[in-house]
Amino acid sequence: MSQKIFAPWDDPNEKPLIRFENVTKKFGDFTAIDDLTLNIYEKEFFALLGPSGCGKTTMMRMLAGFENPTSGKMELAGKNIAGTPPNKRAVNMMFQSYALFPHLSVWENIAFGLKRGSMDKRAIAARVEEMLKLTRLTKFAGRKPHQISGGQRQRVALARSLAKAPKLLLLDEPLGALDKKLRQDTQFELMDIQESTGTTFVIVTHDQEEAMTVASRVAVMDEGRIIQVATPDGIYEAPNSVYVADFIGDVNIIEGTAKPAGDGVYFLDWTENEPPFLATSDVPFSDGQKAHLAIRPEKISITTEKPDDAKNTVQGTVLDIAYLGNLSTYYVQLADGRIIKAQTANTRRLSRRSITWEDKVWVSWNATAGVLLEQ
Amino acid sequence: MRRASWFNVTALTLGFAFLYLPMVLLVIYSFNSSKLVTVWAGFSTKWYGELLQNEAFLDAAVITLKVAVASSTLATILGTMAAYVLVRGGRFLGRTLFSGMIYAPLVMPEVITGLSLLLLFIGIGLDRGVLTIVLAHTTFSMCYVSVVVSSRLVSFDRSLEEAALDLGCSPFDAFRLVTLPIIAPAVISGWLLAFTLSLDDLVIASFTTGPSSTTLPIKIWSAVRLGVSPEINALSTIMIGIVTVGVISASLVSKRNAVKAQQDMQAAERGAT
Amino acid sequence: MRRFFLIAVPYVWLLALFLIPFFIVFKISLSDLALSIPPYTPTMKDGIGQMIKAFDFENFVFLTTDDLYWKAYLSSLKIALFSTVLALLVGYPMAYGMARAPEEWRPTLMMLVILPFWTSFLIRVYAWVGILSNEGFLNQFLLWTGVISTPLAIMNTTTAVYIGIVYTYLPFMILPIYAALDRLDESLIEAAQDLGCSRTKAFWLVTVPLSRSGIIAGCFLVFIPALGEFVIPSLLGGSGTLMIGKVLFEEFFNNRDWPVASAVAVILLLILIVPIILFQRNQQRQAEAET
Ligand SMILES: Nc1ncnc2c1ncn2[C@@H]1O[C@H](COP(=O)(O)OP(=O)(O)OP(=O)(O)O)[C@@H](O)[C@H]1O
Ligand SMILES: [Mg+2]
């Protein structure tokens, strides 16, 4: 049985749930969102990633209806939603501060949104019970928000915003206040809930690992613009710019000039006394064009002997070793002073490690290991 | 913990003696049987008995209470609205004037407020009496209410209101169901403040009252101008007693709530797994 | 629509019952005394044009010629200023003592300061009558101890007014200063001592400057209302004490001279505008510093 991969963004017939079309938002002279165009599809788990102040919250608040775009079009399920007040949108938001009503119990908090509609009492009670069960809060239904722990509060906030079965759920840094262990558990919980309810989630996070874990697609933003939208592996393996490559994970950037070597293969002249590196690229580069080779540390191997099979090899000295438990990162200084980071898995015990400080080593990688970027 | 220094203890002891000694003397001498207030002639409660016989005082007390209840309730409604407008209203025409009109009455000498209101009431031909006092008291005490309520609103987490809107509340429902219950303590203390201000006011009431509506402070005033009187001492003692009991029990309640909230927190942390 | 209603109701109320009355006061201050009801002329009935033509500054000129008035203004300023300084001298050590008191004591001390707030102002002033009068408690006590042989005449003097003002407005001085001192981080004082300040020096160089906004707020909260005070000078100051609030009250009720009373009020307002604006500035700066 073949399972269809979930990739509505590749299907031209698919209608997006949310459409941003040239949306700009200004606060006075300050442009918080700059000419943004974006489609988000039903059942997606969409993550917004970017440095502080790049406009993530602003985008969410426009979707929820707390801010109106200065110009451009915003559609939800094919309908223009500009000007619709927040209480009339089938969009719910989970607030960063949770915004639980302190004077209401957990049960009443979850029921709050349901009571705004014309639902009868019994249906409300049933729905609240269902949400309590989903978020494993049944035991705490009668408590006030200040009588439960941080993680439980976060689940109440989630249950409350999911109770109305919105088409779209917005989560603004939902896990920011949790410790790492709880955060990881909750991430999987969120994914389960997203899958079982079929709701579209848009999540803001500062934690790139979190974005990679939960999201079907990730958007990297900077200064009100979207720099790249792609699946987590696409963002990681094929960043479209140095900015994205640098923002997500660890990366070596080697600057140089490109020289075509035929059929999507290029030489990169990066220093005078060493042979050029060989790299492949889908984007064409002209002869002598400036280029950046972005290559992840774990794609670089480090050996004491010069390997014969690798396309790119260069010698250096080990400057520093960062021991991370499961991994070690070696900082290798090349003859021209550049530092290359190479990462290896620690499959053996520390004492058996063969490479140490000041050792002369070879770093090497394949032509397809990195990507060549214009800027 | 800080050690109480000799200087600090002295400053506090002398300071509080200065604040409380006059009132303590007043209370003690209200139980003096002599008509000569400063000469102790034995314990007696006869002045309290006489006070209760004095219909003029009782009538004045009833009028004062009526005025205070009406004006503090009106002031609470208006003051809460004004606070909401100040904190959440955003920009509107004449906002500066509005906030100026909220803060100015707080420091305006009572003689000026009283005089100006009296001239207004005469100008529009409104008969002076209970109604005019209520209007006058509402006007200055709504400003106190709005200062108290707006200081609470400023620290109020705006996202709670937004969450209510997000869950389908109209703006009015969001206020009624979320904001109001949370700021209720501030609204209540605003009401109490307005109430005591109204009970206490002499100058503005003197300007805006009519012949048929003498309030208690006006009554007390005309009595104390003639010197110390044991009846007034008794009346003062009653008023001081009510306030003391009220303030102490209010602070006990709020302390108990704080302790309870802390225990809840600890219980929650223990219960969290 | 709802927003409009929300803004309009308190706005209109304050316009009608706070702002417009001032214009009426101003208008009447430009009118003349008359033996009629209301006791001034011209009135609206004479027609707007006629009315404006009849306006003049006669009352203000009168205020400058009769030295009762400018003496009253000056003496009010002097009394308000001195009482403010006195209240600061009494209030600062108390606020300081409260801020330095053991943590568990502070709510109680706070309550002790606030309690008089809620007690009738009139009664608190009245309490001093029995203390300060010739056969009052103070004189009895001093005579008994033998410090004096004839009773001191304090009642019906300016001294009594100072005592009254300091006594009734003391909580207004203590609370803002206490709030400022309470926020003050004790490690700052330790740091100053560590850097070589003596305790006294640290107090003047660190504590006082950092509680400045509280001191300013407290001083204005005493000075501004004291300037227009009526009850205290009337009850404790006797006929010899001139204060402008009392003059205004008497001008209005005893002499029934509404135009002059209004002119007195207008001048008092003009005098108050500067401290009120300074006070608002201080409060605004403080609010900004906190956020
Ligand atoms: N109401 C506002 N008025 C003026 N500027 C605003 C307003 N709201 C946001 N901004 C500005 O817009 C920019 C984007 O803000 P936004 O809150 O969207 O950032 P963010 O990406 O969510 O940042 P963070 O990760 O820190 O939460 C910021 O520079 C912010 O100062
Ligand atoms: Mg944000």
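How far does a polar side-chain atom of A:Thr58 lie from an oxygen atom of ligand 1? The distance is 2.5 Å, in a model that is predicted.

## The surroundings of ligand 1

A:Thr58 is one of a group of residues around ligand 1 that also includes A:Phe27, A:Phe30, A:Ala32, A:Glu173 and A:His206. A run of neighbours, A:Ser52, A:Gly53, A:Cys54, A:Gly55, A:Lys56, A:Thr57 and A:Thr58, belongs to this group as well. Two elements of chain A, β2 (30–40) and α1 (56–64), each contribute at least two residues to the shell. The greatest contribution is that of α1(A), which provides three residues.

Further polar side chains approach the oxygen atoms of the ligand. A:Thr57 places a polar side-chain atom 2.5 Å from an oxygen atom of ligand 1. For A:His206, an N or O atom of the side chain is 3.0 Å from an oxygen atom of ligand 1. On its own, ligand 1 has 630 Å² of accessible area, and the protein covers 62% of it.

## The two domains of chain A

Chain A is assigned two domains, domain 1 (8–245) and domain 2 (250–373). Their centres, taken over C-alpha atoms, are separated by 39 Å. Nine residues of domain 1 of chain A and nine residues of domain 2 of chain A take part in the contact.

Together these two domains of chain A bury about 700 Å², with 58% of that area on carbon and sulfur atoms. On the side of domain 1 of chain A, the residues that lose the most area to domain 2 of chain A are A:Tyr236, A:Val242 and A:Ala245, which together make up 68% of what that side buries.

## The two domains of chain C

Chain C is likewise assigned domain 1 (1–56) and domain 2 (65–290). The distance between the centres of these domains of chain C, over C-alpha atoms, is 34 Å. Their contact draws 11 residues from domain 1 of chain C and nine residues from domain 2 of chain C.

About 750 Å² is buried between domain 1 of chain C and domain 2 of chain C, and carbon and sulfur atoms give 82% of this area. C:Ser29, C:Leu33 and C:Pro39 account for 49% of the area that domain 1 of chain C buries against domain 2 of chain C, more than any other three residues.

## Contacts between the chains

Two pairs of chains touch, and the pair with the most contacts is that of chains B and C. Chains A and C do not touch, and their nearest C-alpha atoms are 15 Å apart. The size of an interface is often given as the accessible area lost when the parts come together.

Between chain C and chain B, about 7,500 Å² is buried, 81% of it from carbon and sulfur atoms. This contact involves 82 residues of chain C and 83 residues of chain B. Within chain C, the residues C:Trp13, C:Trp118 and C:Tyr126 supply 11% of the area buried against chain B, more than any other three residues. Between chain A and chain B, about 2,100 Å² is buried, with 62% on carbon and sulfur atoms. Here 27 residues come from chain A and 22 residues from chain B. A:Asn87, A:His103 and A:Arg116 give 24% of the area that chain A buries against chain B, more than any other three residues.

Conventions: Residues are numbered from 1 along each chain as its sequence is written. Chains are lettered from A and ligands numbered from 1 in the order in which they are written. This is a predicted model: local features need pLDDT of at least 70, side-chain atom pairs count only at pLDDT 80 or more; totals for chains, interfaces and linings use all residues. Side-chain values use heavy atoms; hydrogens and water are left out. Contact means heavy atoms within 4.5 Å. A residue is near a molecule or strand if one of its heavy atoms lies within 4 Å of it. A polar contact is a pair of N or O atoms within 3.5 Å; within protein, one must be able to donate a hydrogen and the other to accept it, and residues adjacent in sequence count only if both atoms are side-chain atoms. Accessible areas come from the Shrake-Rupley method with a 1.4 Å probe; for residues, only the protein chains shown count as cover. Helices (H or I, at least four residues) and strands (E, at least two) are DSSP runs, numbered from the N terminus. Domain bounds come from an automatic or database domain assignment. Buried area is the accessible area (1.4 Å probe) that two parts lose on being put together, summed over both.
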